[in-house]
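Biologist: Please show me the chain and its fold. Then I will ask about the helices and a few residues.

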Amino acid sequence: MPVIAPWSAPASARIPAQASPQQGDADQAMAAGTTVDHLTETYRAHYRSLLGLAALLLDDTASCEDVVQEAFIRVHSARNRVRDPEKTLAYLRQTVVNLSRSALRRRILGLKLLSKPMPDMASAEEGAYEQLERDQLIKAMRGLQRRQREVLVLRYFADMTEAQVAEVLGLSIGSVKAYGSRGIAALRIAMEAPA
């Protein structure tokens, strides 16, 4: 892709004027900068090698091409700052590396944002299954002996220790363990039985 350079007036058409020292320095800096022709030749000669450099840093061809094109655009817009035309290729390489790093950072950030888990929300189907299980558990609890039901409710639903359950119900700790064990066994059988 050729780069279109602005027309410059031929040397004979220029009007000689008395140049101030500051204007002379600016003209000299413009002459010392990378020219559009030099940049075009660098593009033709080194585009593939810069594409290979980007390919080592990135994983897809489209991104590599975008990075290299963006590097040439940035060097073109800053060509007056590159005083030594021999350093244009080094400047381009560094720009390709920096743009590749930026592309990778954007991807990583995007992946981090996408990988955040959604809040736990049960689907309607899961809610229906939970309701069925809850109903089945309540029905099974009602089928237990009164003491077994009391021990299980206080121990597992009220989150009391065996000693606290024993104190509340006026039983020994051994009796609480026995009622609890028998109640869990009876619940297991009732929950596994077909409804």
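Predicted model: local features only at pLDDT ≥ 70, side-chain atom pairs only at ≥ 80, totals over all residues.

Biologist: What percentage of the residues count as buried?

Modeller: The accessible surface comes to about 14600 Å². Carbon and sulfur atoms hold 57% of that surface. The chain has 195 residues, and the buried share of them is 23%.

Biologist: Among contacts with a separation of 6 or more, what share comes from residues 24 or more positions apart?

Modeller: Take the contacts in the chain with a separation of 6 or more. Residues 24 or more positions apart account for a share of 63%.

Biologist: How are H5 and H6 oriented to each other?

Modeller: H5 covers residues 124-142. Its axis lies 10 Å from that of H6, at an angle of about 135°. Angles over 145 degrees would count as roughly antiparallel, and 65 to 115 as roughly perpendicular. The H5 and H6 pair is therefore oblique.

Biologist: Which residues of H6 make the contact with H5, and how does the contact divide by residue type?

Modeller: On the H5 side are Leu137, Met141 and Arg142. The residues of the contact divide into five nonpolar, no polar and two charged. The H6 side is Arg149, Leu152, Val153 and Phe157.

Biologist: What is the orientation of H6 and H7, and which hand does their crossing have?

Modeller: H6 spans residues 146-157 and H7 spans residues 162-169. Their axes come within 10 Å and cross at roughly 135°. H6 and H7 are therefore oblique to each other. The crossing is right-handed.

Biologist: Which residues of H7 meet H6?

Modeller: H6 contributes Arg147, Glu150, Val151, Leu154 and Arg155. The residues of this contact divide into five nonpolar, no polar and four charged. From H7 come Glu162, Val165, Val168 and Leu169.

Biologist: Is Leu169 buried or exposed, and which residues does it touch?

Modeller: Leu169 is found in H7. Its relative accessibility is 17%, and the limit for burial is under 20%, so Leu169 counts as buried. Leaving out residues up to four places away in sequence, Leu169 touches Arg147, Glu150, Val151 and Leu154.

Biologist: How does H6 lie against H8?

Modeller: H8 is the helix of residues 173-192. The axes of H6 and H8 come within 8 Å and cross at roughly 95°. Angles of 65 to 115 degrees count as roughly perpendicular. H6 is therefore roughly perpendicular to H8.

Biologist: Which residues of H8 make that contact?

Modeller: H6 brings Arg147, Gln148, Val151, Leu152 and Tyr156. The residues of the contact divide into seven nonpolar, three polar and two charged. H8 brings Val176, Tyr179, Gly180, Arg182, Gly183, Ile184 and Leu187.

Biologist: Is Thr95 buried or exposed, and which residues does it contact?

Modeller: The place of Thr95 is in H4. At 13% relative accessibility, Thr95 counts as buried. Neighbours within four places in sequence aside, its contacts are Ala71, Arg74 and Val75.

Biologist: What about Arg74: how accessible is it, and which residues does it contact?

Modeller: Arg74 is in H3, residues 61-77. At 44% relative accessibility, Arg74 is partly exposed. Its C-alpha lies 8.8 Å from that of Leu92, which is 18 residues apart in sequence. With neighbours within four places in sequence set aside, Arg74 is in contact with Thr95 and Leu99.

Terms used
Residues numbered from 1 in each chain as written. Heavy atoms only, no water. Axes fitted to C-alpha atoms, helices over the stretch in contact; angles between N-to-C directions. Helix = DSSP H or I, 4+ residues; strand = E, 2+ residues; numbered from the N terminus. Parallel < 35°, antiparallel > 145°, perpendicular 65-115°, else oblique. Left-handed = near helix turned anticlockwise from the far one by under 90°. Contact = heavy atoms within 4.5 Å. Nonpolar A, V, L, I, M, F, W, Y, C, P; charged D, E, K, R; others polar. Buried < 20%, exposed > 50% of the residue type's maximum accessible area, 1.4 Å probe, protein only. Areas by Shrake-Rupley, 256 points an atom, 1.4 Å probe, with all protein chains shown as cover.
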